[in-house]
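Welcome! Please take a look at the sequence and the model below, and then let us walk through a few of its parts together.

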Amino acid sequence: MPWKLLLRNVLGHKVRALLTVLSVAVAVFLIVILQALTTGLSKTLDASASNRLLVQSAVSLFVDLPLGYQQKIAAVEGVEAICKFQWFGGRYEQEKGGYFAQFGIDPDTFAVSYPEVTIADGSYEAFARERTAAIVGRKTAEKYGWRIGQTVPIAGTIFTRTDGQPWQFTLRGIYESNSPAFGENELYFHYDYLRESLEQGGATGPEGVGVYMLRIADGADPIAVQRAVDELFENGPQRVQTTTEAEFNRQFITMLGDIPSLLRMIGGAVLFAIFFAVLNTMLLAGRERTRDLGVMKALGFKNGVAAVLLVGESLLLCLLGAGIAIGLAVAAEDGLASATATFIPGFELDRDTLLLAAGIAAAVGLASGLLPGLRAARLTTTQALQELA
Amino acid sequence: MTTAITLRSLTKTYTRGGETLRVLDGLDLDMDAATFYALMGPSGSGKTTLLNLVGGLDHADGGTITVGGEDLDQLSDTELAEWRAENVGFVFQGFNLLPVLSARENVELPLLLTPLSRSQRRAQAERALELVGLKDRMNHKPRELSGGQEQRVAIARAIATDPQVILADEPTGDLDRETADAVLEMMQRLNKELHKTILMVTHDPQAATYADKVIHLDKGRLGRIDDNTTAAAEA
């Protein structure tokens with residue numbers, strides 16, 4: 001019956017129990033999401049290739065590099081392949097929320113540089129042959145129900161067409177990736193389609209290349225290549241910064257600041273807030289139960305039972321909240337993964353994250369119940385009965 | 001007649017606001033088994049303190065307390081808890097039923113500390129409620145019962161484990177006269193029919209008339225003991 005009593009005590013204050021459970025649920029949900037983001041971030045960085053370097057402007061990622069740099073970089077010893085990447089920044093007309101990025105690339109060197117990418121539907125050759133063709137990640141294709149051969153209209157925000165119409169890309173391939181560092185949401189098209197449109201006056205926008213991706217030859221020293229490329233343009237006309245793919249991803253992800261530390265700080269603050277909220281509830285419950293605990297002790301129940309009743313109540317409230325939070329997080333996983341895909345392709349609610357959430361909730365439950373539990377255990381029967389008078 | 005409770009040179013002091021109060025001052029007392037005692041005295045005379053010591057709820061500062069052959073001053077807090085579970089039933093002024101449990105569950109509560117099975121516990125709790133005339137209300141929560149009914153449930157809880165000693169602290173303090181009399185009659189029945197030793201603290205002289213003997217405490221010492229049975233016989 002102590003277990004029945006524990007449950008009845010919880011249900012004895014339905015509104016308070018509900019509010020506490022919901023508070024815990026909201027906090028644990030937030031912690032789950034923050035942890036999934038942090039884990040996704042680590043996975044993305046860990047999965048970055050060691051044989052790929054990225055060259056960007058030393059000033060900022062938002063400053064384009066001259067097209068003429070390509071040949072000079074390609075000539076550096078150890079560079080096996082070079083591929084342009086230009087951030088397009090367009091918007092799909094029938095967007096359903098959850099932005100997907102588009103990049104102009106060089107199809108001939110892109111495929112050899114990213115062996116983790118495979119074409120699941122359509123043909124890479126067809127994509128490479130056709131100037132207005134595009135390939136898109138499986139998740140985005142599934143989201144919008146796109147089929148091979150259809151035209152996808154994308155309105156440019158950085159590169160706008162002079163006729164006022166959206167850009168038309170013909171879908172020739174749907175790709176999959178087996179690496180968390182390479183997401184399945186992006187759309188890739190020919191950089192030359194963009195360049196020709198700009199040159200022919202069909203579109204307006206900045207000329208140049210956002211980033212050059214270099215694939216390093218087997219046996220070549222990435223640090224030596226990195227240094228050689230940076231030295232090549234040390235005296236201008238525009239200095240460059242060459243980084244490993246992992247470092248580039250880290251910088252890209254943390255453009256707004258030290259995201260992992262920020263996420264941990266928010267998670268820690270949430271944890272403390274919920275700890276104090278549950279502690280407050282349990283201190284109140286402990287005080288209210290002084291009479292009951294005194295009577296139980298008079299009947300012969302030992303001090304430990306009094307403590308277990310309060311610690312158990314706290315634990316139950318927190319685990320119920322965690323259960324709700326985990327259920328909500330699992331239900332929202334696809335939407336959240338889609339929303340964060342561009343920056344953190346590795347977002348995933350793995351088992352460790354869910355176990356961590358349950359563990360945190362249990363720890364908060366135990367810690368919050370400990371103080372009122374100890375107080376209840378130490379309370380003498382006569383003290384408890386005197387408080388009744 | 002055997003002695004149920006023996007107190008020798010019993011002392012108890014409390015310190016409140018820097019002042020030391022000697023609540024019990026070398027009390028010597030023998031109480032017979034199967035006898036209904038009322039414990040009376042002015043406020044601060046040590047009535048509730050004595051009840052707490054006899055019930056093993058508190059430790060004396062000096063002297064000895066023997067209840068049913070057990071020297072309580074030799075027992076640790078844990079041992080006292082076990083002893084209470086087996087040997088004493090308590091009835092409080094404010095009834096002190098657990099509000100979230102039904103009448104039957106309240107009565108069943110002390111039985112959780114016994115080796116009885118679930119069905120045996122339930123049967124015993126129902127028997128105790130039947131004894132106090134409340135079997136038909138056993139599934140009601142305390143808030144659904146009247147004050148008199150609550151106190152009868154509390155009495156059922158006190159006798160559920162079949163203890164030899166029942167300690168009652170102002171059991172009728174919160175009841176009207178008619179209900180108080182009914183509760184006191186019930187306690188008298190427990191004494192006469194089930195041969196329980198009852199020690200009842202009361203301020204109410206009329207309540208004390210239900211007892212066989214009335215112990216008067218004065219400033220932590222024994223004043224006198226009135227024998228109601230002798231008085232009744234003489235009358």
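Leaving aside neighbours within four places in sequence, Val240(A) is in contact with Val55(A), Gln56(A), Ser57(A), Ala58(A), Leu65(A), Val229(A), Asp230(A) and Phe233(A); two residues are in contact if their C-beta atoms, placed from the backbone, lie within 7 Å. Val240(A) sits in strand S13 (residues 240-244) of chain A. Helices (H or I, at least four residues) and strands (E, at least two) are DSSP runs, numbered from the N terminus. Val240(A) counts as buried because it has 21 C-beta neighbours inside 10 Å. A residue is buried if 20 or more other C-beta atoms lie within 10 Å of its own, exposed if 12 or fewer, and partly exposed in between. The C-alpha atoms of Val240(A) and Gln71(A) are separated by 15 Å, and these two residues are 169 residues apart along the chain.

A word on how to read all this: the model is predicted, local features need pLDDT of at least 70, side-chain atom pairs count only at pLDDT 80 or more, and totals for chains, interfaces and linings use all residues. Residues are numbered from 1 along each chain as its sequence is written, while chains are lettered from A and ligands numbered from 1 in the order in which they are written.

Now to helix H6 (residues 177-194) of chain B. At 1.5 Å a residue, its 18 residues should span 26 Å, and its end C-alpha atoms are 25 Å apart, which agrees; the expected span is 1.5 Å times one less than the number of residues. Which residues of H6(B) are buried? They are Ala180(B), Val183(B), Leu184(B), Met186(B), Met187(B), Leu190(B) and Asn191(B). Seen down the axis of H6(B), these buried residues fall within an arc of 150 degrees, so they line one face of the helix; the arc is that of the directions from the helix axis to the C-beta atoms. On the other side of H6(B), Arg177(B), Glu178(B), Glu185(B), Lys192(B) and Glu193(B) are exposed. The cover over the buried residues includes strand S3 (36-40), helix H5 (147-159), strand S7 (165-169), strand S8 (197-201) and helix H7 (205-208) of chain B.

Two helix pairs can be set side by side. Axes are lines fitted to C-alpha atoms, for helices over the stretch in contact, and angles run from 0 to 180 degrees between N-to-C directions.

| Helix pair | Angle | Axes |
|---|---|---|
| H5(B) and H6(B) | about 15 degrees | 9 Å apart |
| H2(A) and H12(A) | roughly 40 degrees | within 7 Å |

H5(B) and H6(B) are therefore roughly parallel to each other, whereas H2(A) is oblique to H12(A). Angles under 35 degrees count as roughly parallel, over 145 as roughly antiparallel, 65 to 115 as roughly perpendicular and the rest as oblique. Among the residues of H5(B) that meet H6(B) are Ile155(B) and Ile159(B). In the chain A pair, the residues of H2(A) that meet H12(A) include Val24(A) and Phe29(A).

Some backbone angles in chain B also deserve a look. Just after H6(B), His195(B) takes a positive phi of about 60 degrees. Ser9(B), in strand S1 (residues 3-16), has a phi near 50 degrees, a positive value in a residue other than glycine.

Finally, the two chains touch: the contact takes 17 residues from chain A and 20 residues from chain B. On chain A, the largest share of the side that touches chain B, 6 residues, comes from H11(A).
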